[in-house]
Amino acid sequence: MSYYLTIDQGNSEAKIALWDGTELLDFRMEPSLTPAKVAAFAGDRMLDGAIYCSVAREDVEIMRHLRHNSRKAMRLNPDTPTPLRVDYRTPSTLGADRVAAAVGAWSDFKGHPILVVDAGTAVTCDFVDADGVYRGGNIAPGISMGLRALHEFTSRLPLVPFPEDMPSLCSVMMGRNTREAIALGVVHSVLAQIDYYRKRLPEGTVTVLGGGCGHHLASVCDFEAVVDEHLVSKGLNRILIYNTAP
């Protein structure tokens, strides 16, 4: 067995996953990650590799723990070799999570053009062509961010909670009260932007939805999409294997 550990440190929580090769063994979300929590998650397994990805600052203590408890520890950065070729004007500013999500989608749909949607705090829509070249993408506010912004940047609009039951919400097109109007406006704007991109990308493009909101969006979208809630973690694992396997 070859055990690999991946850590995706997001804006609000960390996603930690344990893999046996490419098979996901365990997954956990932590609001705050510590070396002790990482050690408890990995148990007494000897890790063949570990990789850390963060959209914020590097956690030095986490990286030190990984280096001491795995045969190879990496932090995903712009210089890390990946299975994809990155065609981006400023690779140093490209979010590591966006690269990982693209690799995760490519690992399942190699040879196809892919629209990679990571729907979390922000919604990123990235394009990987059929030759495995990352061609760039766009960033927009996520659903929770949009709901919060409408409340914080206006004087009278209420703060509407995340709509957990999207099929029920989207059973109508137009809101019949202010809270419904806000929720529908934000959800429909995210769905519309995804649909906008997919319609303008090459024929046969596969749409892959990841992130914490991916399955929610998939429940109400009227186009074909594949949902992968572990998209970034899967990509991190493939990048780790790419850099460690013989």
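**Entry 1: helix H8.** I started with how covered helix H8 is: 11 of its 14 residues are buried. For my notes, buried means under 20% relative accessible area, exposed over 50%, and partly exposed in between, with a 1.4 Å probe and protein chains only. Helices (H or I, at least four residues) and strands (E, at least two) are DSSP runs, numbered from the N terminus. The buried residues of H8 include Leu 231, Val 232, Leu 236, Asn 237 and Ile 241.

I also checked the length of H8: from first C-alpha to last, the helix reaches 20 Å, close to the 20 Å expected at 1.5 Å a residue. The expected span is 1.5 Å times one less than the number of residues.

Housekeeping before I go on: this is a predicted model, where local features need pLDDT of at least 70 and side-chain atom pairs count only at pLDDT 80 or more, while totals for chains, interfaces and linings use all residues. Residues are numbered from 1 along each chain as its sequence is written, and side-chain values use heavy atoms, with hydrogens and water left out.

**Entry 2: Asn 237.** I then listed what Asn 237 touches, leaving out residues up to four places away in sequence: Tyr 4, Thr 6, Trp 19, Gly 21 and Thr 22. Contact here means heavy atoms within 4.5 Å.

**Entry 3: the cores.** Next I looked up the largest nonpolar core, which has 29 residues. A nonpolar core is a set of buried Ala, Val, Leu, Ile, Met, Phe, Trp, Tyr and Cys residues joined through side-chain atoms within 4.5 Å. Ile 51, Leu 76, Ile 114, Val 116, Val 128 and Leu 236 have the most contacts inside this core. Two or more residues each come from strands S2 (14–20), S4 (49–54), S7 (114–119) and S10 (206–210), and from helices H3 (96–108) and H8 (231–244). H3 gives the most, with 8 residues.

Setting aside neighbours within four places in sequence, its contacts include Leu 5, Ile 7, Met 74 and Leu 76, and on the H8 side Leu 236, Ile 239 and Leu 240. Apart from this core lies another, of 24 residues, among them Leu 115, Val 117, Leu 209 and Cys 221.

**Entry 4: Val 128.** Val 128 is counted as buried because its relative accessibility is 0%. Not counting residues up to four places away, Val 128 touches Leu 84, Ala 102, Trp 106, His 112, Pro 113, Ile 114, Val 116, Val 133 and Tyr 134. Val 128 and Ile 139 are 11 residues apart in sequence and, C-alpha to C-alpha, 15 Å apart in space.

Entry 5: On a 1 Å grid over the protein atoms alone, a cavity is a set of points where a 1.4 Å probe fits but cannot get out; a pocket is an open set with protein on both sides within 12 Å along at least five of seven lines; lining residues have an atom within 4 Å of a point. Grid points are joined across faces, edges and corners, and a volume is the space filled by probe spheres set on the points.

The largest cavity has a volume of about 30 Å³. Its lining is Lys 15, Asp 118, Gly 211, Glu 229, His 230, Leu 231, Val 232 and Ser 233, and H8 gives the most, with 3 residues.

The largest pocket comes out at about 770 Å³. Of its 31 lining residues, Lys 15, Asp 118, Gly 120, Thr 121 and Gly 212 lie nearest the centre. The second largest pocket holds about 240 Å³, with 15 lining residues.

**Entry 6: two loop residues.** Arg 89 sits in the loop between strand S6 (85–86) and H3, and is exposed because its relative accessible area is 87%. Pro 202, in the loop between helix H6 (178–200) and S10, is partly exposed at 43%. Pro 202 and Pro 113 are 89 residues apart in sequence and 7.2 Å apart in space, C-alpha to C-alpha.
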